[in-house]
Amino acid sequence: MSTFLFDKTVFGPVMSRRLGVSLGMNLLPNNRKVCSFDCIYCECGLNGELGDNKDVMPTRMEVKERLAAKLIDMQKEGLKPDVITFAGNGEPTLHPEFSAIINDTIELRNAHCPEARIAVLSNASRLHKKEVVEALLKIDDNIQKLDSGLKETILRLDQPNYAFDLEKTIAQLVDFKGQLIIQTMFVAGELEGKDISNLSDADINSWLDALDIIKPEKVMIYTIERDTPYNSLKKVPLDTLKAIANKAEKRGHIVSVSG
Ligand code: SF4
């Protein structure tokens with residue numbers, strides 16, 4: 001299927017299902033995906049599948065200049081983002097100057113659109129880095145991925161490119177002391193003749209148990225919206241997502257559903 005890459009450092013604003021009017025920030029190269037995961041549902045495609053490997057990440061100064069220019073343009077047009085969202089062509093916290101870029105973004109947000117939130121969509125793979133955690137604690141919406149409470153499901157769906165340790169990841173998420181949002185992509189379908197869904201009772205129950213331990217301020221659950229690398233992956237029906245949300249709500253979690 002036809003996946004896509006963001007061809008700019010600052011993109012949009014776009015209407016986000018989950019976040020509202022969102023000005024997107026892509027700290028990764030504009031012509032290839034760079035991620036510590038290789039999710040089989042990734043809208044940017046599989047690692048190394050797209051792009052020519054020649055482009056590099058933008059520098060801190062380039063990011064700052066491009067964001068400032070965009071915010072000034074938007075101000076002139078009378079537009080304001082609800083949120084400045086770090087996402088883009090991979091894992092934003094992999095940028096070596098992520099922490100300084102967050103400081104610059106807070107400064108620019110305060111100067112040009114003080115009501116806008118700052119969000120980071122992350123896969124929780126860089127929480128062993130103190131400066132990454134400190135930066136994430138400064139923003140409004142620290143959104144971390146947890147696609148199952150079962151390690152084998154995460155390995156199958158998200159394909160981390162390092163020695164993934166679920167218990168350690170959960171402990172790192174607990175260390176945010178509730179200052180985080182958990183994002184979970186639910187998918188159905190099959191790959192190479194095997195069921196790949198994260199909808200089994202064991203997946204859902206262990207995921208609920210993990211939420212109870214992590215105690216996030218909110219949980220965002222969603223399903224495939226655009227093209228993914230494999231035709232055999234399926235969207236999860238809204239009723240199923242709502243039933244999962246209902247289980248989490250019964251345990252006291254605040255859940256938003258995007259179907
Ligand atoms: S973590 Fe995000 S960017 Fe990375 S592979 Fe998964 S969906 Fe794609």
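## Getting started

A residue counts as buried here when its relative accessible area is under 20%. Keep that in mind while looking around this model, which is predicted.

## The chain as a whole

The protein chain contains seven helices and eleven strands. Its C-alpha trace spans about 50 × 40 × 35 Å along the principal axes. For 259 residues, a compact globule would have a radius of gyration near 18 Å, and the chain agrees, with 18 Å.

Of the 259 residues, 51% are buried. Take the contacts with a separation of 6 or more: 72% of them come from residues 24 or more positions apart.

## Helix 5 and its buried face

Now zoom in on helix 5, residues 166-174, where Leu 166, Thr 169, Ile 170, Gln 172 and Leu 173 are buried. Looking down the helix axis, you'd find these buried residues within an arc of 160 degrees, so they line one face of helix 5. As background, an α-helix has 3.6 residues a turn, so residues three or four places apart point the same way.

## Helix 2

Helix 2 runs over residues 98-112, and its 15 residues reach 21 Å from first C-alpha to last, close to the 21 Å expected at 1.5 Å a residue. Its buried residues are Phe 98, Ile 101, Ile 102, Asp 104, Thr 105, Ile 106, Leu 108, Arg 109 and His 112. Helix 1 (60-76), strand 3 (83-86), strand 4 (117-122) and helix 3 (130-136) are among the elements covering them.

## A histidine in a loop

Finally, have a look at His 253, which sits in the loop between helix 7 (238-250) and strand 11 (255-258). Is His 253 buried or exposed? With 11% relative accessibility, His 253 counts as buried, because the cut-off is under 20%.

Leaving aside residues up to four places away in sequence, His 253 touches Leu 211, Asp 212, Pro 216, Val 219 and Ala 248. With Asp 212 there is also a polar contact, side chain to side chain, at 2.8 Å.

Notes:
Residues are numbered from 1 along each chain as its sequence is written. This is a predicted model: local features need pLDDT of at least 70, side-chain atom pairs count only at pLDDT 80 or more; totals for chains, interfaces and linings use all residues. Side-chain values use heavy atoms; hydrogens and water are left out. Buried means under 20% relative accessible area, exposed over 50%, partly exposed in between (1.4 Å probe, protein chains only). Helices (H or I, at least four residues) and strands (E, at least two) are DSSP runs, numbered from the N terminus. The arc is that of the directions from the helix axis to the C-beta atoms. The radius of gyration is taken over C-alpha atoms; the globule rule is 2.2 Å times the number of residues to the power 0.38. Contact means heavy atoms within 4.5 Å. The expected span of a helix is 1.5 Å times one less than its number of residues. A polar contact is a pair of N or O atoms within 3.5 Å; within protein, one must be able to donate a hydrogen and the other to accept it, and residues adjacent in sequence count only if both atoms are side-chain atoms.
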